[in-house]
Amino acid sequence: MASKRGESRVKVFRDWCKGCGICAAFCPGKVLSVDKQGNVRVDHEDECINCGFCEIHCPDFAIMVYPREERPPFEANIEDVAPATREELHKTRNSNSK
Amino acid sequence: MAKVTQLIHKYLRHSKRFPHVFCPGCGHGIVLGSLVRSIHYMGLAKDDVVLVAGIGCSGRIPVYVDFNTIHTTHGRALTFATGIKLANPRLKVIVIMGDGDALSIGGNHLIHAARRNIGVTALVLNNHIYGMTGGQSSCTTPTGSFSTTSPFGQLEDEFDISRVTKVCGASFVARTTVMQAAAMDSMISEAVMHPGFGMVEILSPCHTQYGRKNNFKTCVDMYKWLQKSSTPMEKYRELPPEKQEKAIATGIFEKKDCTGLEEKYARMRKSLRGEN
Ligand SMILES: Cc1ncc(C[n+]2csc(CCOP(=O)(O)OP(=O)(O)O)c2C)c(N)n1
Ligand code: SF4
Ligand code: SF4
Ligand code: SF4
Ligand SMILES: [Mg+2]
């Protein structure tokens, strides 16, 4: 597991992130920032030490840290998270928007 | 660490609407994650876990996860849980309640669940307010603080949830905050595994209904407050009284050997049937 500075990638799922700013406020490496509109940016990915704080304190499961040399466990898009239920997800989305 | 987020997704009901209903920065989402991780690391099968919830924002938590879940009535979650546990003691029954749910309307059930030591685990999400219904004072709203129903400051003294539960006889009592998510994971596991009634009080910020009225500019300020004021019990004891007032004691306050009511009941049934 990557734990040295610069060995991790940090991804935010924009669809689920509510811009609360908890991740940015407590990140020891100042990796993240959040603007007034609530958009989270990964500014300094190289500074991430994979401390794990953001992942377990994000109330919306919207952030993920993974080893740099690996492919992302899934794309930073929630529809790739659970392929088996993707259809179901689309169904509810469509019915919600009606 | 990526596994942490992936793991949560294995337990979510993706057919529900996401992101979930909670306000930005609401602590309840962190509790949901912690609950999933602790259940996963205990190695429990989804079908062996029952989540019982009352009404309130906290009561929305089980909706999102793929265990046996039941959304009951306000204040009565523990009564449903008691029935489930007695009918099928093999199940791990976890009850999720808000402070209002557990101690205002449901206070009577909480004290008796603790007294009886029924083997269920109660997670009480304390945000010091009725979040869902518009920020009315609950019985845990701190004296002097502001709410919709205490615009000039709360006059009443508040309940200390952990103390109440401990004196009523619960076999496991602990307090943590959502700012210590890793500690919360292990505390929940410990409470679920301990025989008898277990209660974990979890301080969980509600900026929308409580923080805004009480000088917290953003929800992040509430997390900073939790970080600053939560103090492990051993340290808390040594603080001078004026510092204790501002601190939040965390840790395990009670852990005693005891037989759960459901176990005593099974033994009695066996002996009355002449089976041992
Ligand atoms: C019998 C009954 N009385 C009152 C209500 C209205 N009500 C719904 S949620 C709630 C309080 C919720 O506060 P809490 O339990 O602290 O949960 P939170 O929303 O803060 O997580 C109240 C009074 C109700 N649903 N049922
Ligand atoms: S903690 Fe989560 S929801 Fe909040 S800003 Fe960060 S990624 Fe978004
Ligand atoms: S893992 Fe730690 S260092 Fe890396 S982005 Fe998250 S909070 Fe910052
Ligand atoms: S009202 Fe409060 S408790 Fe309810 S979702 Fe919003 S922040 Fe959470
Ligand atoms: Mg509440």
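## Salt bridges

A salt bridge is a side-chain nitrogen of Lys or Arg within 4 Å of a carboxyl oxygen of Asp or Glu. In chain A, R9(A), E45(A), D46(A) and R68(A) are linked in a network of such bridges. This is a predicted model, in which local features need pLDDT of at least 70 and side-chain atom pairs count only at pLDDT 80 or more, while totals for chains, interfaces and linings use all residues. Residues are numbered from 1 along each chain as its sequence is written, chains are lettered from A and ligands numbered from 1 in the order in which they are written, and side-chain values use heavy atoms, with hydrogens and water left out.

Over all chains the count comes to 14 salt bridges. One of them joins E45(A) to R9(A), with the closest N and O atoms 3.1 Å apart. The pair links distant parts of the chain, 36 residues apart: E45(A) is in the loop between strand 3 (40–42) and helix 2 (53–57) of chain A, and R9(A) is in strand 1 (residues 8–12) of chain A. Helices (H or I, at least four residues) and strands (E, at least two) are DSSP runs, numbered from the N terminus. E45(A) counts as buried at 17% relative accessibility, whereas R9(A) counts as partly exposed at 29%. Here buried means under 20% relative accessible area, exposed over 50%, and partly exposed in between (1.4 Å probe, protein chains only).

Another bridge in chain A is formed by the side chains of D43(A) and R41(A), at 3.0 Å from N to O. D43(A) is partly exposed, with a relative accessible area of 30%. In chain B, the side chains of R175(B) and D160(B) meet in a salt bridge at 2.8 Å, N to O. These two residues are 15 residues apart, R175(B) in strand 5 (residues 172–177) of chain B and D160(B) in the loop between strand 4 and helix 6 of chain B. R175(B) counts as buried at 9% relative accessibility, and D160(B) is partly exposed at 28%.

## Chain A as a whole

Chain A has three helices and four strands. From the N terminus on, its elements run β-α-β-β-α-β-α. Of the 98 residues in chain A, 45% are buried. Among contacts (heavy atoms within 4.5 Å) in chain A between residues at least 6 apart in sequence, 57% join residues at least 24 apart.

## Where chain B meets chain A

The contact takes 35 residues from chain B and 35 residues from chain A. The area buried between the two chains is about 2,800 Å², and carbon and sulfur atoms give 70% of this. Buried area is the accessible area (1.4 Å probe) that two parts lose on being put together, summed over both. Between chain B and chain A there are zero salt bridges and six residue pairs in polar contact, both residues being at pLDDT 80 or more. A polar contact is a pair of N or O atoms within 3.5 Å; within protein, one must be able to donate a hydrogen and the other to accept it, and residues adjacent in sequence count only if both atoms are side-chain atoms.

On the side of chain B that touches chain A, the elements giving two or more residues are helix 1 (2–11), helix 2 (28–42), helix 7 (181–193) and helix 8 (219–229) of chain B. The largest share, six residues, comes from helix 1 of chain B.

## The magnesium ion

The magnesium ion (ligand 5) is coordinated by D99(B) (OD), N127(B) (OD1) and I129(B) (O), at 2.0 to 2.2 Å. Donors are N, O and S atoms within 2.8 Å of the metal (3.2 Å for Na, K and Ca); water is not among the atoms, so sites may look incomplete.

The donor residues are spaced D-x27-N-x1-I in sequence. D99(B) lies in helix 4 (residues 99–105) of chain B and N127(B) in the loop between strand 4 (121–126) and helix 6 (161–167) of chain B, so the pair ties together parts that are 28 residues apart in sequence. D99(B) counts as buried at 2% relative accessibility, and N127(B) counts as buried at 6%.

## Two buried threonines in chain B

T165(B) is in helix 6 of chain B and is buried, with a relative accessible area of 1%. A polar atom of the T165(B) side chain lies 2.6 Å from the backbone oxygen of I161(B). Leaving aside neighbours within four places in sequence, T165(B) is in contact with L110(B), A114(B), A170(B), V173(B), F197(B) and M199(B).

T231(B) is in strand 7 (residues 230–232) of chain B and is buried at 11% relative accessible area. Not counting residues up to four places away in sequence, T231(B) touches Y236(B), L239(B), A247(B), I248(B), A249(B) and T250(B).
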